[in-house]
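I opened the notebook today to look through one protein model, piece by piece. Here is what I looked up, in the order I went.

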Amino acid sequence: MSSDNLSARLVEIEAMLDRSRRRFEEGTRLVEEAHQSLAEIQQLLIGSPVTLSAEDNEEAASRLLASLKASGSELPETLCGGRLAVDPVQRLIRIDGHPIGITEMEYRVLELLAFARNNVVTRQMLLKHLYRRADDQPQPKIIDVFISKLRKKLRSASGGAEFIETIPQRGWILRDIETATAA
């Protein structure tokens, strides 16, 4: 090989090493950010007095659910108790111990509502949870369809109990069973 070819090859290898180093540094930065985000979310769950904006709340809920799933840490046996049980391992919904049939998308809506029970879940949070790819974004009104179908199925299986409450101009809440039976 001539010295010109060797020099060109050396420059090429140095450029490859530089790109690899930048990718490694970017990956390390992303991992550190993920750990920081998880720590912040865990602090929120413990009851930190920090106030979050609506966008931060949406992002925190999405990140927390994704982090729990990605970390492989054990999810609770059920996300709700009492009459309504959402089993994240078997991906089943039970009312009074009896499984009810719902679609995958309905399950994912109920999963997020159950995970955030007694807290408002916005349309944007549900869209982010259901449709992660930017090219896979349906009309936002599809969430109303999922909520309506879920309400109908839950009402039918529970003898008329209302588990999902609409909070006008904000979103929906899945109430704890004590609240749902008292209503």
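What share of the contacts in the protein with a separation of 6 or more comes from residues 24 or more positions apart? I found that such residues account for 49% of those contacts. I note here that the model is predicted.

**Entry 1: the overall layout**

I looked up the secondary structure next, and the protein has six helices and five strands. Reading along the sequence, I get the pattern α-α-β-β-β-α-α-α-β-β-α. Then I checked burial: of the 183 residues in the protein, 30% are buried. The accessible surface comes to about 11,700 Å², and carbon and sulfur atoms hold 54% of that surface.

**Entry 2: helix α3**

I turned to α3, which covers residues 104–115. Its 12 residues should span 16 Å at 1.5 Å a residue, and the end C-alpha atoms are 16 Å apart, so the span agrees. How many of the 12 residues of α3 are buried? I got nine, so the helix is largely enclosed by the rest of the structure. The buried residues are Glu106, Tyr107, Arg108, Val109, Leu110, Glu111, Leu112, Leu113 and Ala114.

What does Glu106 touch, leaving out residues up to four places away in sequence? My list reads Phe146, Lys149, Leu150 and Lys153.

**Entry 3: helix α5**

That list sent me on to α5, residues 142–158. The helix has 17 residues and reaches 24 Å from its first C-alpha to its last, close to the 24 Å expected at 1.5 Å a residue. I then asked which residues of α5 are buried. They are Ile143, Phe146, Ile147, Leu150, Arg151, Leu154 and Ser158. These residues cover an arc of only 135° around the axis, which puts them on the same side of α5. I jotted down the general rule beside this: an α-helix has 3.6 residues a turn, so residues three or four places apart point the same way.

On the face turned away from the buried side, I found the exposed residues Lys152 and Ser156. After α5 comes Gly159, and its phi is positive, near 75°.

**Entry 4**

I moved on to strand β4 (residues 164–167) and strand β5 (residues 171–174), which run antiparallel and are joined by four bridges. Which residue in β5 stands opposite Ile164? I read off Leu174.

**Entry 5: salt bridges**

How many salt bridges does the structure hold? The count is 10, and I went through some of them.

I started with Glu25 and Arg21, whose closest N and O atoms are 3.1 Å apart. Both residues lie in helix α1 (residues 3–46), four residues apart, about one turn of the helix. Glu25 is partly exposed, with a relative accessible area of 42%. Arg21 is partly exposed too, at 39%. I also noted that these residues belong to a network of salt bridges that links Asp18, Arg21, Arg22 and Glu25.

Next I looked at Asp144 and Arg123, whose side chains meet in a salt bridge at 3.2 Å, N to O. Asp144 lies in helix α5 and Arg123 in helix α4 (residues 123–130), so the pair ties together parts that are 21 residues apart in sequence. Asp144 counts as partly exposed at 27% relative accessibility, and Arg123 is partly exposed with a relative accessible area of 25%.

My last pair was Glu162 and Arg155. Their salt bridge has its closest N and O atoms 2.4 Å apart.

Definitions and conventions:
Residues numbered from 1 in each chain as written. Predicted model: local features only at pLDDT ≥ 70, side-chain atom pairs only at ≥ 80, totals over all residues. Heavy atoms only, no water. Helix = DSSP H or I, 4+ residues; strand = E, 2+ residues; numbered from the N terminus. Expected span 1.5 Å × (residues − 1). Buried < 20%, exposed > 50% of the residue type's maximum accessible area, 1.4 Å probe, protein only. Arc of directions from axis to C-beta. Contact = heavy atoms within 4.5 Å. Areas by Shrake-Rupley, 256 points an atom, 1.4 Å probe, with all protein chains shown as cover. Pairing = 2+ DSSP bridges. Salt bridge = Lys/Arg side-chain N within 4 Å of Asp/Glu carboxyl O.
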